[in-house]
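Please open the model in your viewer and keep the selection panel handy.

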Amino acid sequence: MIDIPSMQRAGSNAVKAIIDDVIAEKLDVEKEISSSKSTFRIADLGCSVGPNTFIAMQNIIDAVQQKYQSHGFASHMPEFQVFFNDHASNDFNTLFAFLPPERPYFATGVPGSFHGRLFPDFSLDFVHSSFALQWLSMVPKELLNKNSAAWNKGRVHYASAPDEVAQAYTAQFAKDITTFLDGRAKELVVGGLMVLIMPGIPYGIPHSSSTTGLTFDFLGHCLMDMAKEGLISEVQVDSFNLPVYVASPKEMTQLVERNGSFSIERMDITQPWARVDDLSGQACTMHLRVGMEGIISKHFGTEIIDELFDRRCKKHGEFIGLLESKRNGNQLFIVLKRI
């Protein structure tokens, strides 16, 4: 069994190797120099509070510096500015309190949703977003309408739901990615790079067979068990849906091509940095709790959290048994260039 910090380190190392290759192959330093800019500007969208964002930004800067040096342009090395973006409710005080003291960049916080504009026209050289784009800007309204075919009664996600529920999620995701790409197309310089890392699923694989789908199904089962025992109400469960969507490479390709402002330099389905069944039940549950506690507490209250995740931990063996027969948990790595 491996623990969460080990999984995060493995993930950071794997991403670093890929980003090193991307910058070495795709970044046009001669164009950067000819533009007479003295600052290379990077945005991390959906940064949270660290430390992963700091590691990612350092990796990008290291790779850019290496590219300049390897091409004999060390004397033209730019200064670096990093924009840390997340929702206004993000704890930017914590983020800034843990900024690396010897960082090689100027740091700026940018509160706001990345589903809209955040920066001036042609002001960014590199955009990075890791495990943020799967979050929808809103839960599709149809899911809460009892008269709609997409009313998601007794479930908290679309993975095992009727087609109408999945279609509502798909439509909302498409709207969100469209506005995301439209904003970045205006903000990135021509030739600028964008690296997007998000949960992914091979095209044609049922969402109920993915690691993410099974994870949320089991969470929903735990909530329904609590409702049947009177610890929460079924009405509360019926009105709760996780605003998370896992896209396929085909879906992302279509959305990027429809936008028309980016070339797809790379789009890979990669294996997870650590398999879920390599984690203990406690570690897996802790990982899920870190990501979901806030949104669940907001809807159900904080008093149910310990009980909910204790139940999830006890179901881990059953979860792994199903996962073994339906392993399709993957991650989507996308590199886009502004054209």
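**Stop one: a pocket and its lining**

Select helix H5 (163–187) and H8: each of these helices supplies at least two residues of the lining of the second largest pocket. Helices (H or I, at least four residues) and strands (E, at least two) are DSSP runs, numbered from the N terminus. Before going further, note that this is a predicted model, where local features need pLDDT of at least 70, side-chain atom pairs count only at pLDDT 80 or more, and totals for chains, interfaces and linings use all residues. Residues are numbered from 1 along each chain as its sequence is written, and side-chain values use heavy atoms, with hydrogens and water left out.

Now show Tyr 203, Gly 204, His 207, Tyr 245 and Glu 251, which are the closest to the pocket's centre among the 14 residues that line it. A pocket here, on a 1 Å grid over the protein atoms alone, is an open set of points where a 1.4 Å probe fits, with protein on both sides within 12 Å along at least five of seven lines; lining residues have an atom within 4 Å of a point. The space in this second largest pocket is about 170 Å³, a volume filled by probe spheres set on the points, which are joined across faces, edges and corners.

**Stop two: the sheet**

Next, colour the strands. There are 7 in an open sheet of mixed pairing, ordered S3-S2-S1-S4-S5-S7-S6; two strands pair if DSSP finds at least two bridges between them. At the edges sit strand S3 (106–111) and strand S6 (262–270), each pairing on one side only.

Zoom in on S6 and strand S7 (residues 330–338), an antiparallel pair with 8 bridges. Ile 269 stands opposite Leu 332 in S7. Bring back helix H8 (residues 249–259), which packs on the sheet and touches strand S5 (188–200), S6 and S7; contact means heavy atoms within 4.5 Å. The direction of H8 makes about 170° with that of S6, where axes are lines fitted to C-alpha atoms, for helices over the stretch in contact, and angles run from 0 to 180 degrees between N-to-C directions.

Phe 84 stands opposite Gly 109 in S3.

**Stop three: two backbone details**

Which peptide bond is cis? Select Gly 50 and Pro 51: the bond from the former to the latter is cis, with omega near 5°. Pro 51 lies in the loop between strand S1 (39–45) and helix H3 (52–70).

Finish at Ser 36, which is not a glycine but has a positive phi of about 65°. Look for Ser 36 in the loop between helix H2 (29–34) and S1.
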